[in-house]
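Dear colleague,

Please find the structure below, together with its sequence. My notes on what was found in it follow directly after.

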Amino acid sequence: MTTARASDPKASASAVNVQVWSDFVCPFCMLAEGPLEEASVGLDVEIEWMPFELRPYPTPTLRPEDPYLPEIWERSVYPMARRTGVDITLPTVSPQPYTRLAFEGYQYAAAHGRGREYTPRVLRAFFQQNRDIGQIDVLADIAREIGLDGEDVAAALEKGTYAAAHQAALRESVVHRIEVVPTLIIDGHTRIEGVATASRIRKALRNAQDRTASTQWLTCGVNGC
């Protein structure tokens with residue numbers, strides 16, 4: 001069982017928490033999603049997507065017509081995508097969008113119980129559908145596709161309703177010294193940077209389960225120890 005966030009009221013108290021730092025313009029974050037989902041099958045896992053803006057405004061974003069992006073895609077992204085069977089294409093949106101609004105959209109989705117669905121859907125919109133995820137109307141359409149109120153999402157993004165929540169989440173990346181994405185932190189103990197195999201992630205998840213089980217009896221209650 002996988003759930004969206006630590007704040008999800010449906011989340012099991014014994015679930016293994018996995019925080020995933022990502023950015024919507026990072027192709028490796030999309031490639032990392034499949035192994036994480038595969039590793040989580042049959043386990044009580046709670047996935048919490050965390051924001052890391054690789055190029056926050058006003059830092060210039062990358063342009064697909066410049067040499068860097070085509071080179072890194074040919075050298076690294078496409079070979080990994082072929083090995084893992086992931087359909088992914090270098091978007092032609094130029095320059096690449098800033099992702100602050102998309103992350104504020106995530107905060108909205110998480111608050112409305114759709115956090116788990118939102119992040120993969122935005123990644124697919126950018127890397128499979130070539131959509132400009134820096135535009136409010138595009139984000140509103142994505143929200144509708146996962147069952148949210150698109151007009152309400154658009155209004156929230158225009159008003160900055162979830163800006164403070166996004167900034168608070170960004171500050172966590174400083175606390176955890178996040179420097180690259182994707183980065184996974186499993187139950188606050190195990191740190192995995194980059195695209196890991198499902199077997200490596202599953203081993204870390206099972207180790208976290210074992211740690212939880214081993215500490216369950218290290219408490220005393222009113223009826224004894």
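Gln-19 counts as buried, because its relative accessibility is 10% (buried means under 20% relative accessible area, exposed over 50%, partly exposed in between, with a 1.4 Å probe and protein chains only). This residue lies in strand β2, residues 16-22 (helices, H or I with at least four residues, and strands, E with at least two, are DSSP runs numbered from the N terminus). Beyond its neighbours within four places in sequence, Gln-19 is in contact with Glu-48, Met-50, Glu-172, His-176, Thr-183, Leu-184 and Ile-185 (contact means heavy atoms within 4.5 Å).

Please note that this is a predicted model, in which local features need pLDDT of at least 70 and side-chain atom pairs count only at pLDDT 80 or more, while totals for chains, interfaces and linings use all residues. Residues are numbered from 1 along each chain as its sequence is written, and side-chain values use heavy atoms, with hydrogens and water left out.

Val-122 belongs to helix α4, residues 115-127. With a relative accessibility of 0%, Val-122 counts as buried. Not counting residues up to four places away in sequence, Val-122 touches Phe-24, Ile-133 and Ile-142. Val-122 and Val-25 are separated by 97 residues in sequence, and their C-alpha atoms are 9.6 Å apart in space.

**The packing of α3 and α7**

Two packed helices are described by the angle between their axes and the distance between the axes. Helix α3 (residues 100-111) packs with helix α7 (residues 163-175) at an angle of about 100°, and their axes are 9 Å apart (axes are lines fitted to C-alpha atoms, for helices over the stretch in contact, and angles run from 0 to 180 degrees between N-to-C directions). The two helices α3 and α7 are therefore roughly perpendicular to each other (65 to 115 degrees). From α3, the contact is made by Arg-100, Phe-103, Glu-104 and Gln-107, and from α7 by Ala-163, Ala-165, His-166 and Ala-169. Of the residues in this contact, four are nonpolar, two polar and two charged (Ala, Val, Leu, Ile, Met, Phe, Trp, Tyr, Cys and Pro count as nonpolar, Asp, Glu, Lys and Arg as charged, and the others, Gly among them, as polar).

**The faces and ends of α6**

In helix α6, residues 150-159, the buried residues are Gly-150, Val-153, Ala-154, Ala-156 and Leu-157. Seen down the axis of α6, these buried residues fall within an arc of 165°, so they line one face of the helix (the arc is that of the directions from the helix axis to the C-beta atoms). They pack against α3 and α5 (136-145). Glu-151, Glu-158 and Lys-159 are exposed on the other side of α6. After α6 comes Gly-160, with a positive phi near 75°.

**Backbone points to check in the display**

Most residues other than glycine have a negative phi, and most peptide bonds are trans. The peptide bond from Ser-94 to Pro-95 is cis, with omega near -10°, and Pro-95 is in the loop between α2 (68-84) and α3. Val-181 and Pro-182 are also joined by a cis peptide bond, with omega about 0°; Pro-182 is in the loop between α7 and β4 (183-186).

Asn-130, in the loop between α4 and α5, has a positive phi near 60°. Asn-130 is partly exposed, with a relative accessible area of 35%.

Yours sincerely

How values were computed. Angles under 35 degrees count as roughly parallel, over 145 as roughly antiparallel, 65 to 115 as roughly perpendicular and the rest as oblique.
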